[in-house]
Amino acid sequence: KIKICCLYKQFTEEKFGQAEKTELDAHLDNLLTRAESSKHWTEKILKQTEVLLQPNPNVRIEEFLYEKLDKKVPTRMNNHELLGQSMIDSGNEFGPGTAYGNALIKCGETEKQIGGAEREFIQSSAINFLTPFRNFLEGDFKTILKERKLLQNKRLDLDAAKTKLKKAKMADARALAEQDLKLTQSEFDRQAEITRLLLEGISSTHAHHLHCLNDFVEAQMTYYAQCYQYMVDLQKQLGSFPSAFSSNNNQSTASAAASVSVPILPGSRKARVLYDYDAAGSNELSLLADEVIMVSSVPGMDSDWLMGERGNQKGKVPITYLELLN
């Protein structure tokens with residue numbers, strides 16, 4: 001208690017300019033400033049990255065609580081996956097054999113692929129980028145703070161010893177004060193060296209964080225490249241729909257004008273199957289991807305369907321599964 005009172009007295013007198021204060025050397029002072037700057041910007045980057053990876057603040061708080069309780073965060077669908085599932089469900093409701101239903105299913109599957117890529121990106125970023133930043137703040141920097149506080153106390157001890165020596169009048173008192181000053185000076189120098197070594201380690205921390213930053217950029221690059229490729233593939237699939245509609249509608253009109261008495265018109269043409277299709281009834285024809293069949297229009301048939309022929313097999317086929325050939 002006596003020591004604490006002495007430290008408090010020395011600190012107060014320094015604040016009011018009534019006592020001598022030992023200044024840190026310029027190098028150590030610069031290291032302390034750089035450490036504070038590193039802490040400030042690491043916290044800011046960490047916070048903004050968390051917002052980027054999880055924009056919902058309520059979900060972030062929930063994940064933080066689970067982490068503190070050392071419990072596994074419940075698996076939930078992200079926004080892309082939720083949208084994808086809604087599209088798939090609605091597409092199945094409207095019918096996968098219809099143009100709109102089939103397009104919804106294809107879009108939904110792509111959205112779910114993007115959702116999966118996003119999940120991988122977030123997981124990779126959390127491990128390779130966020131975790132090292134947190135470890136610095138919760139580990140290395142806390143150690144620096146602890147040693148810096150000890151250095152502050154050693155400095156106050158040193159300045160108190162200097163003040164005590166100045167006030168000593170008697171020879172015995174001065175001898176005792178000089179011995180105390182020598183001891184406190186040695187302890188201060190030792191603590192200053194410990195603090196300096198820790199602060200110089202910030203350079204290694206920056207080098208490590210640079211490596212983590214490269215990992216983060218690579219994860220982003222991979223994620224955006226995957227999303228781009230998924231959308232290119234989807235666009236190609238959707239791009240085949242309008243040409244099929246156009247060809248089919250023109251064919252239907254011409255065929256209907258030629259004759260309405262024949263159940264299957266003679267103007268058949270070849271079509272390549274784009275995707276596998278399982279017949280939903282006896283009046284439909286099952287399809288295998290990449291096979292070539294003959295198709296024709298039938299008066300009165302839904303515009304989303306054609307009559308397909310494979311040898312002696314006949315049945316309705318959805319035009320969205322076909323690429324009409326010249």
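These are my notebook entries on a predicted model of one protein chain.

**Entry 1, overall layout.** I began by listing the secondary structure, and I found seven helices and five strands in the protein chain. Reading from the N terminus, I noted the order α-α-α-α-α-α-α-β-β-β-β-β. I then looked up burial, and of the 326 residues in the chain, 35% count as buried. For contacts between residues at least 6 apart in sequence, I recorded that 68% join residues at least 24 apart.

**Entry 2, helices α4 and α5.** I next turned to one helix pair, keeping in mind that two packed helices are described by the angle between their axes and the distance between the axes. Helix α4 covers residues 79-94 and helix α5 covers residues 99-167, and I noted that their axes come within 7 Å and cross at roughly 160°. Since angles over 145 degrees count as roughly antiparallel, I wrote down α4 as roughly antiparallel to α5.

The largest nonpolar core has 32 residues, and the members that touch the most others are Phe 121, Phe 129, Leu 199 and Tyr 223. I listed the elements that give two or more residues to this core as α2 (26-53), α5, α6 (171-200) and α7 (202-258). The largest share, 14 residues, comes from α5.

I then followed Phe 129 on its own, leaving out residues up to four places away in sequence, and found that Phe 129 touches Ile 45, Thr 49, Ser 124, Cys 212, Leu 213 and Phe 216. I also noted a second, separate core of 19 residues, which includes Leu 285, Trp 305, Met 307 and Leu 324.

Which residue other than glycine has a positive phi near 80°? I found this value at Asp 290, and I placed Asp 290 in the loop between β1 (269-273) and β2 (292-296).

Key. Residues are numbered from 1 along each chain as its sequence is written. This is a predicted model: local features need pLDDT of at least 70, side-chain atom pairs count only at pLDDT 80 or more; totals for chains, interfaces and linings use all residues. Side-chain values use heavy atoms; hydrogens and water are left out. Axes are lines fitted to C-alpha atoms, for helices over the stretch in contact, and angles run from 0 to 180 degrees between N-to-C directions. Helices (H or I, at least four residues) and strands (E, at least two) are DSSP runs, numbered from the N terminus. Angles under 35 degrees count as roughly parallel, over 145 as roughly antiparallel, 65 to 115 as roughly perpendicular and the rest as oblique. A nonpolar core is a set of buried Ala, Val, Leu, Ile, Met, Phe, Trp, Tyr and Cys residues joined through side-chain atoms within 4.5 Å. Buried means under 20% relative accessible area, exposed over 50%, partly exposed in between (1.4 Å probe, protein chains only). Contact means heavy atoms within 4.5 Å.
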